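Reader: I would like to learn to read this model feature by feature. Where do we start?

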Amino acid sequence: SKLQGTKAPISLKQLSSVVIHCMMNIFKPNPSINYNFISSIYAFFCILGGILYALETYVSDSSEDKDGDGDGEHRNETLKEIAESTEGLYLICLPFIPCLLWSLIVRKEWSRIESAKKDD
């Protein structure tokens, strides 16, 4: 039996043209968005992720009792707790790295368009 109301499947050529159109527009800035703000927020979270990673690395290295004599045991316990509570927290900020790269590319084009408007 024939199905009524169904459309013919999209051809591969049509699909590729839609994908190419979407990919080309992904770097096209929207004039109503301030990309300086967007880029700065993404940069902030990238830096925060770096700080969290450095903190985790430093604290986990510092919390080990290097000489094994047990001195500073309370300090080591505190550092171990901090290391355990921040373990992997930097992973939350990892998606901001490609977002920052994208926003910087779009911001460059947005700045070019904005300066062209001011020149006219």
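Author: Start with burial: buried means under 20% relative accessible area, exposed over 50%, and partly exposed in between, with a 1.4 Å probe and protein chains only. At 22% relative accessibility, glutamate 114 counts as partly exposed. The model is predicted, so local features need pLDDT of at least 70, side-chain atom pairs count only at pLDDT 80 or more, and totals for chains, interfaces and linings use all residues. Residues are numbered from 1 along each chain as its sequence is written, and side-chain values use heavy atoms, with hydrogens and water left out.

Reader: How many helices and strands are there in the protein chain?

Author: Helices (H or I, at least four residues) and strands (E, at least two) are DSSP runs, numbered from the N terminus. The protein chain has four helices and zero strands. From the N terminus on, the order is α-α-α-α. Buried residues make up 17% of the 120 residues.

Reader: What share of the contacts joins residues at least 24 apart?

Author: Contact means heavy atoms within 4.5 Å. Take the contacts between residues at least 6 apart in sequence: 82% of them join residues at least 24 apart.

Reader: How do I check the length of helix 4?

Author: Compare its span with the expected one, which is 1.5 Å times one less than the number of residues. Helix 4 has 24 residues. From first C-alpha to last it reaches 33 Å, close to the 34 Å expected.

Reader: Which residues of helix 4 are buried, and what do they pack against?

Author: Leu100, Ser103, Val106 and Trp110 are buried there. The buried residues of helix 4 pack against helix 2.

Reader: What does serine 39 touch?

Author: Serine 39 sits in helix 2, residues 35-62. Its relative accessible area is 6%, so serine 39 is buried. Leaving out residues up to four places away in sequence, serine 39 touches Leu100, Ser103, Leu104 and Arg107. Two of these, Leu100 and Ser103, are among the buried residues of helix 4.

Reader: Now the charges. How many salt bridges are there?

Author: Side chains of opposite charge can pair when their charged atoms come close. A salt bridge is a side-chain nitrogen of Lys or Arg within 4 Å of a carboxyl oxygen of Asp or Glu. By this rule there are two. Glutamate 109 meets arginine 112 at 2.4 Å, N to O. Lysine 117 meets glutamate 114 at 3.8 Å, N to O.

Reader: Why can these side chains reach each other?

Author: An α-helix has 3.6 residues a turn, so residues three or four places apart point the same way. Glutamate 109 and arginine 112 are three residues apart in helix 4 (residues 96-119), and are therefore separated by about one helical turn. Lysine 117 and glutamate 114 are also three residues apart in helix 4, again about one helical turn.

Reader: How accessible are glutamate 109 and lysine 117?

Author: Glutamate 109 is partly exposed, at 27% relative accessibility. Lysine 117 is partly exposed too, at 48%.

Reader: Where is asparagine 30, and what does it touch?

Author: Asparagine 30 lies in the loop between helix 1 and helix 2. With a relative accessible area of 34%, asparagine 30 is partly exposed. Not counting residues up to four places away in sequence, asparagine 30 touches Tyr35 and Trp110.
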